[in-house]
Amino acid sequence: MAQTIAEKIISAHCGKEVKAGDFAIVSVDLAMIHDSTGPNTIKAFERFGVSHPWDPLKIVIILDHATPSPNERVAGLHTMLRDFSRKHGIKLYDSGEGICHQVVVEKGHVRPGQFAVGTDSHTCTYGAVNAFAFGIGSTDMSGVFLTGKLWVKVPETIKILYTGALSPGVTSKDLMLSTIARIGAAGADYKALEFSGDTIPVLSVSERLTMANMAIECGAKAGLFPVDEVTRAWFSGKSIYDVDSVYPDKEAHYCEAIYLDASLLEPQIACPHQVDNVKPLSEVAGQPVNTIFIGTCTNGRLEDLAQAARILDGNSIHESVRLLVCPASREVAIQALSEGYLEIFLRAGATILPPGCGPCPGTHLGVPGNGESVLSTANRNFKGRMGNNKAFIYLGSPLVCASSALEGKIADPRKYLGKGRDH
C-alpha cells in the first residue's frame with residue numbers, strides 16, 4: 001500500500017500498516033512538557049499511584065513560558081517540575097535555556113522518522129526534521145508518562161507543492177502566512193501537511209522550522225518536510241550522522257494538493273485578530289505600531305536575528321517604537337553575541353530579553369497597553385494573545401519587523417536590502 005510520510009511514521013510506531021482514517025496505538029519516542037502545562041500533567045500522573053514514568057530518558061521538561069518566574073505561584077510550579085525531574089532522572093532545561101521547541105531540536109532530542117508529542121500546540125515544529133509531532137493535552141500526556149503509548153487517528157494528508165524561488169526580502173514566514181491564508185484557519189483540521197516542491201531544497205532548517213511551527217495555525221495535526229542534504233548537514237553539525245529518513249511513496253494518496261508559486265510573493269502580514277487574515281505588505285504599509293517583538297519559537301533563531309540586525313545595523317529605532325528582542329535559546333543568544341547582533345540591537349535602542357517565550361503567551365515581559373498595535377514575528381495574533389485583549393497584533397517576518405522598527409509603522413524591508421537571496 002502506497003503511503004504518505006504521516007502514514008509511514010505511524011505504521012512504524014504501531015507495528016502494522018495503517019492508512020488515513022485508521023485508529024492506532026503508537027509508541028512514543030519523545031514526550032515534552034513545559035512550565036505552563038507540565039504541572040497539570042504531573043498532578044494527573046501522580047494520581048495513577050505508580051512509582052515512576054515509563055521511560056525517563058524519553059521525557060524532557062523545559063521551563064520557558066514564564067521565565068524568570070514572575071510571581072510566587074509560578075515559582076512554586078517551577079519548583080514542582082524541578083523536584084519531579086530530579087526524583088525520576090528526567091532531563092530538565094531550566095529558566096534561560098530557551099523555548100521548548102527550539103531546545104528540543106537544538107539539543108537533538110528529536111530525529112527524522114520519530115513520533116513525538118508535547119503539551120504545546122506548536123510541537124508540530126519538529127516536522128521540519130521529518131518527525132511526526134503534535135500537541136496533546138496534559139491529561140493525555142499523563143497517560144503517555146504511564147504507558148509510553150498514545151492512541152491516534154491517522155490523518156489525511158494535504159500535499160503542498162511550492163515552485164519558484166523566494167524574492168529578496170521575502171522569507172519562509174511570508175511563504176507560510178500565504179499558505180495559511182490559502183488553506184484557512186480551519187482548512188486543515190486534523191490533517192497533516194506535507195511540504196514539497198523545488199522551493200524546499202534551498203530553505204534552511206531554520207526556515208523549515210518556521211513553516212512547520214505554523215502548521216497548527218491552519219488546523220493541521222502536523223507539518224512534515226522530507227529529509228534532504230540540508231537536513232543531513234544540519235544533523236551532522238550536531239555530531240549526529242546516522243539520520244534515517246521517511247519519504248512518501250510516489251503513489252501515495254492525498255486528500256488535496258495545493259500549488260503555490262513562491263516567486264510571486266511579496267512580504268505578507270497577518271492582521272488582527274486571525275492568523276489567516278493575511279494581506280500583502282503593500283496593503284498594510286504605513287500602519288503605525290507601538291511595540292515590535294522579534295523572537296518566539298517561530299522566528300527567534302540565529303538566522304532570524306541576523307536578518308533583523310542587517311537592517312538595524314548603524315540605525316536607531318523610531319522614537320515612537322519599543323523594540324523587544326528575545327533569542328529562542330541560550331545557544332542562540334551566545335551565537336548572536338559572538339556575531340555582534342546583540343550589540344547592534346542594543347545600539348539601535350532595543351531591549352534584549354532572556355531566552356524563552358518572552359511576551360508571546362502574555363504571561364509577563366512586554367504586555368501591550370489598551371489600543372496599542374504590536375508587530376511580532378510570533379505565530380498567533382488572537383485577541384488576548386500577549387496578555388491584553390484590547391491590543392492589536394500583526395504578524396510578519398524579522399525583516400519586516402526590523403524595517404518597521406526604523407519607521408514606527410509597518411514598512412517594506414526590501415528598500416533596505418541589496419540584491420540576491422541573501423535575506
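**Cysteines and other local features**

A: This is a predicted model. In it, the closest cysteine sulfur to that of C218 belongs to C124, and at 9.0 Å the two are too far apart for a bond.

Q: What is a disulfide, in general?
A: A disulfide covalently bonds the sulfur atoms of two cysteines.

Q: And what about C255: how far is its sulfur from the closest cysteine sulfur?
A: The distance is 11 Å, to the sulfur of C218, which is too far for a bond.

Q: How many disulfides are found in the whole structure, then?
A: A search of the whole structure gives zero disulfides.

Q: Changing topic: which peptide bonds are cis?
A: One of them joins T67 and P68, with omega about -15°. Another runs from P272 to H273, with omega near 0°. In general, most peptide bonds are trans.

Q: Where are P68 and H273 found?
A: P68 lies in the loop between β3 (59-62) and α3 (72-88). H273 is in the loop between β12 (268-270) and β13 (278-280).

Q: What about phi: which residues have a positive value without being glycine?
A: Among them are N130, with phi near 75°, and M386, with phi of about 70°. Most residues other than glycine have a negative phi.

Q: Where are those two, and are they buried or exposed?
A: N130 is placed in the loop between β5 (115-118) and β6 (132-135), and it counts as buried at 0% relative accessibility. M386 is in the loop between β17 (373-376) and β18 (392-395); it is buried too, with a relative accessible area of 2%.

Q: On to helices: at what angle do α11 and α14 cross?
A: The axes of helix α11 (residues 302-312) and helix α14 (residues 398-407) cross at roughly 30° and come within 8 Å. The angle is under 35 degrees, so α11 is roughly parallel to α14.

Q: Is that crossing left-handed or right-handed?
A: The crossing of α11 and α14 is right-handed.

Q: Which residues make the contact?
A: From α11 they are D304, Q307, A308, I311 and L312, and from α14 they are P398, L399, A402, S403, A405 and L406.

Q: How many of the contact residues are nonpolar, polar and charged?
A: In the contact of α11 with α14, eight are nonpolar, two are polar and one is charged.

Terms used. Residues are numbered from 1 along each chain as its sequence is written. This is a predicted model: local features need pLDDT of at least 70, side-chain atom pairs count only at pLDDT 80 or more; totals for chains, interfaces and linings use all residues. Side-chain values use heavy atoms; hydrogens and water are left out. Axes are lines fitted to C-alpha atoms, for helices over the stretch in contact, and angles run from 0 to 180 degrees between N-to-C directions. Helices (H or I, at least four residues) and strands (E, at least two) are DSSP runs, numbered from the N terminus. Angles under 35 degrees count as roughly parallel, over 145 as roughly antiparallel, 65 to 115 as roughly perpendicular and the rest as oblique. A crossing is left-handed if the near helix is turned anticlockwise from the far one by less than a right angle, and right-handed if clockwise. Contact means heavy atoms within 4.5 Å. Ala, Val, Leu, Ile, Met, Phe, Trp, Tyr, Cys and Pro count as nonpolar, Asp, Glu, Lys and Arg as charged, and the others, Gly among them, as polar. Buried means under 20% relative accessible area, exposed over 50%, partly exposed in between (1.4 Å probe, protein chains only). A disulfide is a pair of cysteine sulfur atoms within 2.5 Å.
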